[in-house]
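Please look over the notes below alongside the model.

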Amino acid sequence: MIKKKIAISVNNSWYAWNMRANLAFYFQKQGYDITFICPYDKYSENIKEYFEYIDIDINTKGTNPIEDFKSIYKYYKIYKKLKPDIILQYTIKPNIYGTIAANILKIPTINNIAGLGTLFINQNIVTKVAKWLYKFSQKKATKIFFQNYDDFKMFVNEKLVQKEKCDVLPGSGVDLDKFQPVEKKHDGKFRFLLISRMLWAKGIKEFIEAARIIQQKYSNVEFQLLGHLDMKSPTSISKEQMNIWVNEGYVNYLGSSDDVRIEIAKADCIVLPSFYREGTPRILLEAASMGMPIITTNNVGCRDVVDDGINGFLCEVKDAKDLAAKMEIMLNLTDEQRNIMGKAGRKKIVNEFDENIVINKYLESIEGILK
């Protein structure tokens with residue numbers, strides 16, 4: 001019996017391996033052949049150990065229409081040669097250009113619109129072009145998943161997608177066994193930890209400003225940053241700027257990690273003051289699953305993970321003073337009060353964001369399309 005073939009197309013191998021590998025392993029157990037299609041980086045080697053892998057050379061950040069037209073042709077060539085039965089696509093360029101290519105070849109696609117990023121923060125001509133491209137391409141998609149109801153409603157209200165082919169997932173879900181609660185070991189310091197790519201839109205500057213405010217009143221508090229400095233991104237914080245902040249003594253930059261559980265376990269509170277147009281931030285799901293109280297912004301995607309005052313606090317977007325105020329409240333809670341918050345967070349994740357919910361929705365959709 002010939003196995004059905006699923007292609008998973010993403011704009012980088014780090015995302016593919018860290019965010020979609022569990023989904024792929026599950027499909028593999030169900031008898032599907034899996035092929036990942038994404039630009040090469042060191043995580044491509046992890047993918048190759050378990051799945052077929054195809055490198056695709058695309059400019060994931062660029063807006064040059066000639067380059068983007070070439071991207072459509074590259075997807076077309078790969079999809080035509082691979083002949084998958086269905087393609088799952090993530091991130092903007094696979095969602096748009098991959099869908100156009102797949103449609104020419106009459107291959108069904110399931111797209112996942114997982115946050116809109118910086119493109120939709122400031123509405124400009126690039127945003128208008130992106131919306132037109134979404135409208136043109138998503139008509140051709142077979143199924144579209146969103147990661148939060150805000151994005152789903154915006155796309156439906158602006159008629160960028162057809163409502164009947166859309167559904168909303170609880171983010172990417174979280175592996176409850178991998179991200180289990182841990183017992184906190186106290187060493188006299190309270191640690192606020194921000195884990196993210198080091199982009200301005202993730203609220204790094206607001207985190208630093210809040211650190212300055214808190215450290216004027218408290219001496220036993222440490223502020224930590226963990227995540228990639230993406231030097232290629234125009235919206236990234238520069239290495240020079242990070243060094244300035246570190247040298248000022250308000251924050252420690254921990255670099256990046258392939259296992260965030262280690263640093264989460266050492267922290268007392270996870271902070272994400274993002275004004276990025278998020279899907280559902282995976283790091284908040286993972287932290288809450290580990291029983292960690294959270295402070296994040298009352299922003300698209302972020303607010304879905306935190307019930308204000310129950311498993312953390314919501315602060316206003318781009319408001320360092322409000323962030324500092326919420327940090328001070330967190331700091332002055334008793335250990336028992338923070339533990340209660342952590343348990344409430346874990347319960348919320350178990351009930352609403354279990355990865356199996358996401359996997360089952362995908363499987364149900366794939367089986368429905370391929371029957």
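1. Helix α3 (residues 65–82) holds both Tyr75 and Tyr79, four residues apart, about one turn of the helix. Helices (H or I, at least four residues) and strands (E, at least two) are DSSP runs, numbered from the N terminus. Tyr75 is buried, at 0% relative accessible area. Tyr79 is buried too, with 0%. Buried means under 20% relative accessible area, exposed over 50%, partly exposed in between (1.4 Å probe, protein chains only).

2. This is a predicted model: local features need pLDDT of at least 70, side-chain atom pairs count only at pLDDT 80 or more, and totals for chains, interfaces and linings use all residues. Residues are numbered from 1 along each chain as its sequence is written, and side-chain values use heavy atoms, with hydrogens and water left out.

3. Tyr90 and Tyr362 form a tilted aromatic pair, 6.3 Å centre to centre with 40° between the planes. Tyr90 is in strand β4 (residues 86–90) and Tyr362 in helix α13 (residues 355–370), so the pair ties together parts 272 residues apart in sequence. Rings of Phe, Tyr and Trp (its six-membered ring) pair if their centres lie within 6.5 Å; planes under 30 degrees apart count as stacked, over 60 as edge-to-face and the rest as tilted.

4. The structure holds 21 aromatic pairs. In one, the ring centres of Tyr75 and Tyr79 are 5.7 Å apart and the planes at 40°, so this pair is tilted. Ring pairs also join Trp17, Phe25, Phe36, Tyr50 and Phe51 into a cluster.

5. Ile295 touches Phe192, Phe313 and Met327, among others beyond four places in sequence; contact means heavy atoms within 4.5 Å.
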